[in-house]
Structures are given as structure tokens and as C-alpha cells.
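I want to go through this structure and note what the side chains do.

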Amino acid sequence: MIINTGQRTDIPAFYAEWFANRLREGVVCVRNPYNPNQVSRYRLDPSVVDVIGFCTKSPAPMFPYMDLMKDYGQYWFVTITPYGRDIEPNVPDKHRLLENFKRLSDRVGVNAIGWRYDPILLSERYTAAYHLKSFETMASALEGHTQTAVISFIDLYPKVRRNFPEAREVRAEERIRLGKALIDIAFAYGMTVKPCAEGDELAPYGADCGGCMRLGDYEKAIGKKLNAPKRKGARAECACYLACDIGAYNTCKHLCKYCYANAEPDRVLAQSRLHDPRSPFLIGNYRDGDIIHDVPQRSWIDTQQTLF
């Protein structure tokens with residue numbers, strides 16, 4: 001099976017010690033965000049967990065614990081964007097992130113890591129020209145360390161509108177014009193652009209619009225075929241294979257203004273103070289009235305087929 005860590009928060013950046021403890025103890029508990037008394041409990045054991053998926057803006061805090069994952073398949077998305085602290089208040093220096101990306105790629109392999117340049121927003125400061133220059137600078141630095149560049153354009157969810165009221169939608173003609181140029185730049189540096197939940201409008205220009213985290217991406221990362229059950233994407237327009245996420249909403253301390261997973265910053269900081277790195281839960285611990293569901297788990301690896 002596949003365990004995901006990055007749909008709700010950034011575990012490598014802020015909760016690496018906790019995740020290392022979960023690997024050592026072999027169990028993790030996750031509250032249902034819509035019914036908090038319902039708890040899913042997962043075994044963390046390479047005999048049943050084939051791949052761990054990460055999505056992070058800062059992988060370096062996990063580096064001291066990489067040996068704990070040596071028996072697991074891994075796939076990493078690392079998000080590196082060109083924004084300053086006006087948009088991403090607590091994201092580390094981008095030059096350092098580029099170096100950490102390359103270090104991680106050298107560790108896990110080029111097939112097990114992708115670069116996310118998203119979401120793309122346009123403003124007086126962050127113009128199309130600014131994005132094209134920044135994207136090429138980063139693509140040049142990452143050449144040979146990934147074959148995937150994921151892009152998306154900002155979605156104005158209710159939480160985003162509340163935390164980022166000055167943001168505006170990127171118009172269709174802007175998406176096409178900018179997307180075409182990004183596809184050409186990525187191709188020059190050995191990367192394929194994968195739009196995230198953007199439909200197929202960029203497919204005629206060379207983008208892979210089939211989803212940014214498909215089952216085939218996990219299979220390529222581990223070199224093995226997976227007989228996985230069918231699942232729907234996280235959203236109607238999403239074709240990715242995402243499930244079993246062990247994170248929690250309102251806990252990512254990057255506090256990016258475009259974030260769909262965080263409410264107000266005060267709530268995020270209050271939630272984060274409830275974190276205990278020794279707990280099986282990311283936030284808090286067992287409670288009276290918890291209904292524990294031990295999730296049935298098995299390996300999905302097809303022992304008859306190996307991918308090369």
C-alpha cells in the first residue's frame with residue numbers, strides 16, 4: 001500500500017522527529033478531519049507499506065532520519081517557488097532548497113523526486129516575465145536531478161480568499177501563454193511539465209496532463225508493478241493516486257498565503273502547540289470516545305513483474 005504525508009501539512013519540514021518516531025515504533029494514528037472521534041491506525045512496516053509519498057517545501061529536517069526509510073519505497077515532491085516572505089513567510093532560502101533538492105535526488109534517485117513550481121500567481125511584483133526568469137534559473141539548477149516539473153495556477157478556495165484577499169485568478173489566456181513558455185523551458189532542461197488539476201488545456205503544447213502523481217509514478221520510483229485498488233483523485237479534476245494521508249489540517253507553519261489546508265495563522269500556531277513528537281498522532285493523543293479502526297493493510301507489489 002501507499003502512505004501519503006503531504007496533502008494536509010508539511011511533515012518533513014516541521015514534524016520530522018515525530019515521523020522518525022513513528023517509523024521506529026511502527027504505528028501511526030490519524031483522526032478523520034470531519035469526524036474527529038474516528039481514528040485510523042496504520043502499521044508502518046515495509047512488509048505492507050510499499051511506498052511513502054512526501055510533499056514538502058523543506059526536506060532537510062528529514063535527512064538525519066533517511067536510514068529509517070531505507071527499506072521503504074519513496075517518492076518526493078519538493079516545492080520550490082520564486083516568492084518572497086510577503087507570500088511565503090517561513091519558507092527557507094530558495095538557494096538552500098535547490099541544493100537540498102539535489103542532495104535528496106542523489107539519495108533517492110532521479111525517478112523518485114519531482115519539482116513542484118506551484119501555485120503560480122500573477123501580481124505587479126510576480127509578473128509573467130518574473131516567473132519565466134525564475135523558472136529557468138531553477139530548472140537550470142535542477143537539470144539532471146529530476147524529470148518532472150509540476151505547475152498549477154492559484155485556486156481561490158474560501159481559505160485562500162480569507163488569508164490572501166488581494167489574490168486574483170489567472171485568466172485562461174495568461175495560463176496558455178505562460179504554460180507554453182514553461183513547457184519549452186522545462187524541455188530544454190530534461191523535464192516534462194505536469195499541470196496539477198488544470199485540465200488538458202496545455203496538452204497540445206507538450207504538457208503531460210494525465211495527473212502529477214499517478215500510480216505509474218510510484219511504480220517508476222520503486223521499479224516494481226503495483227496491483228493497487230482503484231481510487232478517485234482528491235478532487236473531481238484530480239487524476240492523482242492519493243490516499244491514506246497521515247497529516248492534519250491547520251498545522252503547516254510555512255503560513256503561505258495561498259495555502260488551501262490552513263485556516264487563520266493563529267489557529268495554525270495554536271494547533272501546532274498541541275504537537276507531541278512522542279504521540280502516535282500528529283496533533284494531540286488518544287481521547288475518551290475514540291473509535292479506533294485498524295486499517296487492513298497488505299503489500300500491492302506484483303511479485304511477477306518488475307519494471308526497468
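The entries below follow that order.

**Entry 1: source of the model**

I am working from a predicted model, not from an experiment.

**Entry 2: salt bridges**

I searched the whole structure for salt bridges and got 20.

I started with Arg-31, whose salt-bridge partner is Asp-290, with 2.8 Å between the closest N and O atoms. I then checked where the two residues sit along the chain. Arg-31 belongs to strand β2 (residues 27-32), while Asp-290 is in the loop between α8 (265-272) and β10 (291-294). The two are 259 residues apart, and I note the pair as a link between distant parts of the chain.

Is Arg-31 buried or exposed? I count Arg-31 as buried because its relative accessible area is 13%, under the limit of 20%. Asp-290 has 16% and is therefore buried as well.

Next I looked at Glu-88, which forms a salt bridge with Lys-94 at 2.9 Å, N to O. Glu-88 is buried, at a relative accessible area of 2%. Lys-94 is at 17% and also counts as buried.

I read a relative accessible area of 9% for Arg-116, which is buried. For Asp-118 the value is 10%, again buried.

**Entry 3: aromatic pairs**

I ran the search over the whole structure for aromatic pairs and it returned 14.

Tyr-83 pairs with Tyr-258 at 6.2 Å centre to centre, with 55° between the planes, and the pair is classed as tilted. Tyr-83 lies in the loop between β5 (73-79) and α3 (94-108), and Tyr-258 lies in the loop between β9 (224-226) and α8. I checked burial and found both Tyr-83 and Tyr-258 buried.

The other pair is Trp-115 with Phe-135, at 4.8 Å centre to centre and 20° between the planes. I log this pair as stacked, because planes under 30 degrees apart count as such. Trp-115 is in strand β6 and Phe-135 in helix α4, 20 residues apart. What are the relative accessible areas of these two residues? Trp-115 is at 0% and buried, and Phe-135 is at 0% and buried too.

I also looked for ring pairs that link up, and noted a cluster made of Tyr-83, Tyr-126, Tyr-130 and Tyr-258.

**Entry 4: charges over rings**

I found Lys-159 placed over the face of Tyr-249, with 5.5 Å to the ring centre.

**Entry 5: a sheet of three strands**

What is the strand order in this open sheet? I read it as β2-β3-β10, with mixed pairing. β2 and β10 are the edge strands and have a single partner strand each, so one side of each has no neighbour in the sheet. On average, neighbouring strands here are turned by 25° against each other, direction ignored.

I then looked at the pairing of β2 with strand β3 (residues 35-43), which is antiparallel and runs over six bridges. Within the sheet, Cys-29 stands opposite Arg-41 in β3. Strand β2 is also where I had placed Arg-31, the partner of Asp-290.

**Entry 6: Leu-122**

Leu-122 is in the loop between β6 (113-120) and α4 (128-142). At 10% relative accessibility, Leu-122 is buried.

Which residues does Leu-122 contact, once neighbours within four places in sequence are left aside? I list Thr-127, Ala-128, His-131, Arg-168, Val-170, Glu-174 and Leu-178.

As a distance check I took Leu-122 and Asp-50, which are 72 residues apart in sequence. Their C-alpha atoms are 39 Å apart in space.

Methods. Residues are numbered from 1 along each chain as its sequence is written. This is a predicted model: local features need pLDDT of at least 70, side-chain atom pairs count only at pLDDT 80 or more; totals for chains, interfaces and linings use all residues. Side-chain values use heavy atoms; hydrogens and water are left out. A salt bridge is a side-chain nitrogen of Lys or Arg within 4 Å of a carboxyl oxygen of Asp or Glu. Helices (H or I, at least four residues) and strands (E, at least two) are DSSP runs, numbered from the N terminus. Buried means under 20% relative accessible area, exposed over 50%, partly exposed in between (1.4 Å probe, protein chains only). Contact means heavy atoms within 4.5 Å. Rings of Phe, Tyr and Trp (its six-membered ring) pair if their centres lie within 6.5 Å; planes under 30 degrees apart count as stacked, over 60 as edge-to-face and the rest as tilted. A charge sits over a ring if NZ of Lys or CZ of Arg is within 6 Å of the ring centre and within 35 degrees of the ring normal. Two strands pair if DSSP finds at least two bridges between them. Axes are lines fitted to C-alpha atoms, for helices over the stretch in contact, and angles run from 0 to 180 degrees between N-to-C directions.
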